[in-house]
Amino acid sequence: MSKRRINKVAVIGSGIMGSGIACHFANIGVEVLLLDIVPRELNDLEKAKGFTIENKQVRNRIVNDALTNAIKSNPAPLYHKSFVSRITTGNLEDDIAKVKDADWIIEVVVERLDIKKQVFENLEKHRTPGTIITSNTSGIPIHFMSEGRSEDFQKHFCGTHFFNPPRYLKLFEVIPGPKTDPEILDFLIGYGEQFLGKTSVLAKDTPAFIGNRIGIFGIQSLFHLVKEMGLTVEEVDKLTGPVIGRPKSATFRTVDVVGLDTLVHVANGIYENCPNDEAHNLFKVPNFVQKLMDNKWLGSKSGQGFYKKVTKEDGSSEILTLDLETVDYRSAKKASFATLELTKTVDKVIDRFPILVNGKDKAGEFYRKNFGGMFAYVTHRIPEISDELYKIDAAMKAGFGWENGPFEIWDAIGLEKGLELISALEKEPAAWVQEMRDAGVTSFYTVKEGATYYYDIPQKKHVKVPGQDAFIILDNIRKSKEVFKNSGVVIEDLGDGILNCEFQSKMNSIGGDVLTGLNKAIDLAEKEYDGLVVGNQGTNFSVGANIGMIFMMAVEQEYDELNAAIKYFQDTVMRLRYSSIPTVVAPHGMTLGGGCEMTLHADRVVAAAESYIGLVEFGVGVIPGGGGSKEMALRASDSFMKDDVELNRLQEYFLTIGMAKVSTSAYEAYDLNILKQGKDIVVVNKDRQIAIAKAIARQMADQGYTKPVKRKDVKVLGKQALGMFLVGTDAMEASHYISEHDQKIANKLAWVMAGGDLSEPTLVSEQYLLDLEREAFLSLCGERKTLERLQHMIQKGKPLRN
């Protein structure tokens, strides 16, 4: 059997989901055909232009407007705006025959069975036999949709449920139809993981599948619990946000963003189609939610929901909150709980749960009731919606942005405590939990030899979670593979001669311990190993340098110590470049300031697609001082070509720093000259990132890696460039585009990137530029305005993004 490839996808339906799915396939390099219906009549603009209904511009208006709106939306659905060129638009009358060339057809039309069946009937006339065809339905039973279709159609048909927005939410549910070929299911599960960067979960054809069944239960049970306990909107969002590893939007803000009507639609579907669900009545919409629906207060789409933004008489804006008792808006109230204060020193979310469920205040009561209800519910969904418990956790993490799934949380507080919470609510877990307990098994998960095992109910023992072979999970190997540890890093042996240096500081900020640990990792790798990866699996790679250290030295005017600290940072990133072993940095999430500077100095970079990389030091009143300013001057020099206008090229690199540009994806980092085409790579599935980085380090070592020779050929333009920059900053300050202090920072950067006031273009060493960079950084640290900005950042609890 020939290997199946996906080179072209046809997406039928260009609404928010259809356009989002089309954009994400374009993100990974697939050619996309996006089709929608033909308008029934002309709009006013088309009438004014004298168009007829037969005009192609009119016939493709719906699909083109939808795609245009999607591309303009925030957050952006594309990794790079140029990727839209991979999408061709058309309509379902003129262009439907083109689906014959597609390797995969995805239906994303309105959630009505009659319309979907009509679309499938039409598609079958043009579809090439053997082509995969799937529906993105979020709730219509899969077996209804393929009724009456050919044997080949049904064999290649199933549900593929993306979560919105498709670029950002990782859950990809694959739902088999009655006759789906198992090979098709296996292919889609694998494709979702490897190519789309998803967490693929095989679900059963049950109402709302896995993610929405559990997620909507969680929200609906909260709605009822809120009324029972007399909690406010602010209190619930405080209790159900980042403190328990959930998104900042928590519960009510999330509902506002998603749309209350969307949530109610799914909840009603579960209520109507799951009469035997033991929590059936919980899916009934509470009165206060129904009143919002009646008022059409649906959230962001209608301008108000549980929150409402208003403009006050003085022109300032205020966000009002819905009072759940009066169902009217009021000013926001601060929410605080003693139990949450106890978790402030606990960095790992998973370690907070035992504290939360033992709280003595209303927060503790809330968590006991909330988790107890959730624990009982998920046990009864096996085997109804899934045969394996790990799929429920995977769905909640990937589809709803939970850091930990329900069974992982239960493990964190202990099996007996979880059973106690369930009992306190006068509920019962499923029988298999008691059987597990009676057999002496006290956890749903365990880790063996770096792999995660889950409790398999039929086999009554822990079984390895499938699909882990392509991953390296640092949490699983940290204890057994630790080579060195301090308060800033853990160095792990990844195997095959490759080490990993994992940051462990708060928000992975870079201080003295991290730099010491990184130097130790290089020392160890040079003596006993073959290569080094610098990577972690936190929320962000690194938000930058430790602001407190810099601020205290600057305030105390300890400039010798500060100079030594900055030089240590510079020397460390230069060791990444000039060591005798290959170094690979694996950035993801926020990679700012010092995190970016480390990325710039690696031999190779393996960046997660969702990497937001930039040199943002201007925001706190300094220039990049850890090699970033030097590196941009070097990269500008390398880009100079014969007969090139070198000043223009240098200005481009200068503005990357001067405007504190941050990429909104790893692909944009190529535009900012932070990543290098043909050298650095982007991976869509972050879970595979460390394993790929390790493989590249191993490959470089096997090819015969030799320590690079230090550069002494960096071309700087001296007075010619400096004069251009100074004239520019003078004009900007005079026109009030920048402040006097901003001008001072820009002039310091100009001095470094021009190589000082050399009388003519000159070739200089990297160390020459590093010395200029450090001198400029130190002089700015003594400025009153810089100290004020640094202090402001500390008061807001933000690390220096340097």
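The model is predicted, so local features need pLDDT of at least 70 and side-chain atom pairs count only at pLDDT 80 or more, while totals for chains, interfaces and linings use all residues. Residues are numbered from 1 along each chain as its sequence is written, and side-chain values use heavy atoms, with hydrogens and water left out.

**Overall build**

- The protein chain has 33 helices and 25 strands; these are DSSP runs numbered from the N terminus, with at least four residues (H or I) for a helix and at least two (E) for a strand.
- For 802 residues, a compact globule would have a radius of gyration near 28 Å, and the 29 Å of the protein chain agrees with that. This radius is taken over C-alpha atoms, and the globule rule is 2.2 Å times the number of residues to the power 0.38.
- Along the principal axes, the C-alpha atoms fill a box of roughly 80 × 70 × 70 Å.
- Of the 802 residues, 55% count as buried. Buried means under 20% relative accessible area, exposed means over 50%, and partly exposed lies in between (1.4 Å probe, protein chains only).
- The protein chain exposes about 34,500 Å², and carbon and sulfur atoms supply 50% of it; the areas come from the Shrake-Rupley method with a 1.4 Å probe, and for residues only the protein chains shown count as cover.
- Take the contacts (heavy atoms within 4.5 Å) between residues at least 6 apart in sequence: 70% of them join residues at least 24 apart.

- An open sheet is formed by 7 strands in the order 15-16-17-18-19-21-23, with mixed pairing. Two strands pair if DSSP finds at least two bridges between them.
- At the edges are strand 15 (482-485) and strand 23 (681-683), each of which pairs on one side only.
- On average, neighbouring strands of this sheet are turned by 20 degrees against each other, direction ignored. The axes behind this angle are lines fitted to C-alpha atoms, for helices over the stretch in contact, and angles run from 0 to 180 degrees between N-to-C directions.
- Strands of a sheet pair through backbone hydrogen bonds, either parallel or antiparallel.
- Strand 19 (residues 583-586) and strand 21 (residues 604-608) run parallel and are joined by 2 bridges. V585 has V605 in strand 21 as its bridge partner.

**Salt bridges**

- The structure holds 54 salt bridges, each being a side-chain nitrogen of Lys or Arg within 4 Å of a carboxyl oxygen of Asp or Glu.
- D261 forms one with K301, with the closest N and O atoms 3.0 Å apart. This pair links distant parts of the chain, 40 residues apart: D261 sits in helix 12 (residues 260-273), and K301 in the loop between helix 13 (287-295) and strand 9 (307-311).
- D261 is partly exposed at 27% relative accessible area, whereas K301 counts as exposed at 52%.
- E388 and K391 form another, with 2.9 Å between the closest N and O atoms, and both residues are buried.
- In the salt bridge of D713 with R711, the closest N and O atoms are 2.5 Å apart. D713 is partly exposed at 40%, and R711 is partly exposed at 22%.
- A network of salt bridges links R213, D277, E278, R381 and E384.

**A buried loop residue**

- N60 lies in the loop between helix 3 (56-59) and helix 4 (61-72).
- With a relative accessible area of 4%, N60 counts as buried.
- Leaving aside residues up to four places away in sequence, N60 touches T89, G90, N91 and D95.
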